Amino acid sequence: MESRRPPDGGYGWVVVASAFFTMGLTAAVLKNFGLFFLDIQNHFGVPLSTTSWVTSTTIAMFHLGGPVASALTLQSSQRVVIMVGGLLTTSGMVLASLDLSLPWLYLSMGVLQGLGISFSWIPANSMVSHYFVRWRPIAYAIASSGECVFAVMFSPFFQWLIEAYTWQGALLIIGGLQLNLCVCGALMRPLETRQSPAQETKDYLEVDDPALPPKRKTIFQCALLTIPELLLYILFAIFAAAGFFIPPLFLVPFANSLGMDKYWPASILSVLALADLVGRLVCGWIANVRLLRNLQLLTMVTTLLGVVLLLLPISHNYWVILVFASLYGFLFGCVVAIHVTSIVDIVGLEGFDSGLGLFMMFRSIGGFIGPPAAGWLVDQTKDYSTAFYLSGLCLITSAVFVMVVDSLLQKRKAVEAEVHQAINKPEDWEPGKVK
């Protein structure tokens with residue numbers, strides 16, 4: 001059985017379009033959870049750190065579901081798993097709208113929504129990577145930009161829904177929107193495998209033989225954890241995730257603490273999403289033309305992202321916050337555009353599905369700890385600036401691990417090139433002369 005060569009186009013662009021909407025109905029919704037933050041806190045009368053566990057649970061399940069989503073994808077297909085994800089996300093939001101208790105939100109808006117996002121997001125990324133080789137960076141950048149485009153529209157739309165129907169009614173309507181993930185999944189046509197003539201003959205001769213064991217399906221590769229470069233890249237994922245999810249949650253409360261009207265903070269999230277979109281497309285193009293190695297580029301943009309977040313708290317008016325939020329959005333988009341496809345550079349395309357699952361599972365540690373830790377700091381200091389300081393330090397730390405991974409990969413490639421050259425080097429000899 002031979003894998004069919006990725007078409008690098010054709011129906012692949014339908015897959016990209018489907019992934020575009022999938023990213024919008026999953027990651028963009030998660031990115032706008034900050035709009036519900038203060039309403040939920042005031043409704044239950046709990047501290048910020050307690051409220052933030054709703055989002056932390058969603059983020060954790062999004063990542064912990066990674067290996068499960070990858071394993072199910074390998075055993076069935078991306079199409080099936082995405083459709084299951086659509087049903088889970090819708091169920092989570094509908095149940096959350098019942099407003100039974102805060103623990104109920106942890107279960108519905110946290111566990112079910114998080115698993116649903118994971119089951120939709122990971123197979124969508126997998127499909128794009130399998131359909132493209134040469135155009136993979138730009139294809140992934142276009143697909144992932146759905147998160148930004150939808151985030152721009154969702155920020156004012158969700159704010160309007162909350163005011164018109166309360167936060168409970170808004171969650172019910174959002175759940176209905178997420179049911180469209182089932183349509184996105186239906187468009188994900190799996191790539192067919194191609195058999196050689198010899199394999200076809202063998203299959204024909206063996207089809208009626210009951211003594212033959214069943215053919216093995218592709219299994220989840222836990223052995224990838226023995227690769228040092230992947231382990232270091234997972235450490236990058238943990239620290240980066242701890243920093244990634246803090247700013248979207250605390251930007252709106254930070255702006256509100258400065259006395260801004262509630263629609264101004266929502267507009268900041270929209271501008272941030274637009275800058276994120278530009279960052280993904282620009283960085284995807286840079287990665288596609290190979291001006292820099294992916295990991296080199298990732299180190300640069302992650303470091304700059306951390307620096308911007310350390311400087312963001314000096315903002316004390318709308319326009320300064322808007323400038324820093326735009327820089328944050330642009331650099332965040334650059335990181336997102338290449339941090340998943342870089343897994344292929346480490347484990348190859350054959351190990352990508354399993355590698356992505358492991359990457360997401362361990363990244364959950366950072367996503368689960370980051371927001372509550374930031375919330376605890378804000379509760380203790382009564383200052384939202386501390387959340388951004390924590391986020392910036394985590395991202396700068398994560399960039400160090402990417403730099404080490406890039407260095408190790410270059411050394412590995414240099415050794416492999418030397419070995420290959422030594423094997424293929426012709427021996428120096430002359431006719432009639434014995435060495």
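The model is predicted. The protein has 16 helices and 0 strands. It has 435 residues, and 54% of them are buried.

Two packed helices are described by the angle between their axes and the distance between the axes.

| Helix pair | Angle between axes | Distance between axes | Crossing |
|---|---|---|---|
| α5 (residues 102–131) and α6 (residues 136–178) | about 160 degrees | 12 Å | right-handed |
| α1 (residues 12–31) and α5 | about 155 degrees | 9 Å | left-handed |

Start with α5 and α6. They pack at an angle of about 160 degrees. That makes α5 roughly antiparallel to α6. On the α5 side, the contact is made by Leu105, Met109, Gln113, Trp121, Asn125, Val128 and Ser129. From α6 come Arg136, Ala139, Tyr140, Ala143, Trp167, Leu171 and Gln178. Sorted by class, this contact has 9 nonpolar, 4 polar and 1 charged residues.

Now α1 and α5. Their packing angle is about 155 degrees. α1 is therefore roughly antiparallel to α5. α1 supplies Gly12, Val15, Ala19, Thr22, Met23, Thr26, Ala27, Val29 and Leu30. α5 answers with Gln113, Ile117, Ser120, Trp121, Ala124, Asn125, Met127, Val128 and Tyr131. The class count for α1 with α5 is 12 nonpolar, 6 polar and no charged residues.

## The nonpolar core

In soluble globular proteins, nonpolar side chains tend to be buried together. In this model the largest nonpolar core holds 119 residues. Which members touch the most other members? They are Phe36, Met109, Trp121, Tyr233 and Phe250. The largest share of this core comes from α6, with 14 residues.

Phe36 is one of the buried residues of α2. Leaving out residues up to four places away in sequence, Phe36 touches Phe158, Ile162, Trp167, Ala170, Leu171 and Ile174.

## α2 and its end

Helix α2 spans residues 34–44. Its buried residues are Gly34, Leu35, Phe36, Phe37, Ile40 and Gln41. Is Gln41 buried or exposed? Gln41 is buried, at a relative accessible area of 17%. Beyond residues up to four places away, Gln41 touches Val46, Pro47, Leu48 and Thr51. Glycine 45 follows α2, and its phi is positive, near 65 degrees.

## Buried charged and polar positions

Lys31 sits in α1. Lys31 is buried, with a relative accessible area of 12%. Setting aside residues up to four places away in sequence, Lys31 touches Glu147, Ala151, Pro248, Asp276, Arg280 and Phe332. This set includes Glu147 and Asp276, as well as Arg280.

Where does the chain bring Arg136 in space relative to aspartate 8? The two are 128 residues apart in sequence, with C-alpha atoms 7.9 Å apart.

Ser391 belongs to helix α16 (residues 385–424). Ser391 is buried, with a relative accessible area of 0%. Between Ser391 and alanine 242 lie 6.8 Å, C-alpha to C-alpha, against a sequence separation of 149 residues. Ser391 touches Gly243, Ile246, Pro247 and Leu309, not counting residues up to four places away.

Terms used. Residues are numbered from 1 along each chain as its sequence is written. This is a predicted model: local features need pLDDT of at least 70, side-chain atom pairs count only at pLDDT 80 or more; totals for chains, interfaces and linings use all residues. Side-chain values use heavy atoms; hydrogens and water are left out. Axes are lines fitted to C-alpha atoms, for helices over the stretch in contact, and angles run from 0 to 180 degrees between N-to-C directions. Helices (H or I, at least four residues) and strands (E, at least two) are DSSP runs, numbered from the N terminus. Angles under 35 degrees count as roughly parallel, over 145 as roughly antiparallel, 65 to 115 as roughly perpendicular and the rest as oblique. A crossing is left-handed if the near helix is turned anticlockwise from the far one by less than a right angle, and right-handed if clockwise. Contact means heavy atoms within 4.5 Å. Ala, Val, Leu, Ile, Met, Phe, Trp, Tyr, Cys and Pro count as nonpolar, Asp, Glu, Lys and Arg as charged, and the others, Gly among them, as polar. A nonpolar core is a set of buried Ala, Val, Leu, Ile, Met, Phe, Trp, Tyr and Cys residues joined through side-chain atoms within 4.5 Å. Buried means under 20% relative accessible area, exposed over 50%, partly exposed in between (1.4 Å probe, protein chains only).
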